[in-house]
Amino acid sequence: SARRFYNPALSPDEADALDWANLAALAAVDAALGHLVPTVRALFVEPGGGSVTLHFVVAPGAEAEVGGDVEDVVADFEAAVDGMPEFDGVVAAVHAGSVPSDWSRRGWQPVYWVKDAPSADEPRRGRPAAAEGAGRPHA
């Protein structure tokens, strides 16, 4: 139980809600494996009571392209949590565009998020480019 591992001050209802939120996030990750195409930018889980909303953020204009994949994720999610007394249904919501900046205030838990690729004139982050002559043996 969440009370034992996270915070002994949680009420039984709060502990159950936290356990359910964690289970829903894990089930969403498992359900999404192999189903997310490159046009899916992010996947968020929003647990609410026993129901769950899976929020898919997709590239603009890709809503129709991802329809079958969204259905597959929902079906796999339902199969993963089938029979759990907490589960009361899943809803998929597809959002076209960029990830909402207020996702955390909405109570959404991110389980998948694509890093935006830098534009051609934006410098790459990470390791700096090697200096000319780097990697050559010293004479």
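Guide: Buried residues make up 29% of the 139 residues in the chain. Buried means under 20% relative accessible area, exposed means over 50%, and partly exposed is in between (1.4 Å probe, protein chains only). This is a predicted model: local features need pLDDT of at least 70, side-chain atom pairs count only at pLDDT 80 or more, and totals for chains, interfaces and linings use all residues. Residues are numbered from 1 along each chain as its sequence is written, and side-chain values use heavy atoms, with hydrogens and water left out.

Start with the layout. The chain has three helices and four strands. Helices (H or I, at least four residues) and strands (E, at least two) are DSSP runs, numbered from the N terminus. From that end, the order is α-α-β-β-α-β-β.

Now the crossing. Helix α2 spans residues 12-32, and helix α3 spans residues 67-81. Their axes come within 8 Å and cross at roughly 130 degrees. Axes are lines fitted to C-alpha atoms, for helices over the stretch in contact, and angles run from 0 to 180 degrees between N-to-C directions. α2 and α3 are therefore oblique to each other. Angles under 35 degrees count as roughly parallel, over 145 as roughly antiparallel, 65 to 115 as roughly perpendicular, and the rest as oblique.

Which residues meet there? From α2 come W20, A24, A27, A28, A31 and A32. From α3 come V73, D76, F77, A80 and V81. Contact means heavy atoms within 4.5 Å. The residues of this contact divide into ten nonpolar, no polar and one charged. Ala, Val, Leu, Ile, Met, Phe, Trp, Tyr, Cys and Pro count as nonpolar; Asp, Glu, Lys and Arg as charged; the others, Gly among them, as polar.

Next, the core. A nonpolar core is a set of buried Ala, Val, Leu, Ile, Met, Phe, Trp, Tyr and Cys residues joined through side-chain atoms within 4.5 Å. The largest one has 22 residues. V45, V52, L54, F56, V58, F77 and V90 touch the most other members. Two or more residues each come from α2, β1 (40-48), β2 (51-58) and α3. α2 gives the most, with six residues.

Leaving aside residues up to four places away in sequence, V90 touches V52, L54, V74, F77 and E78.
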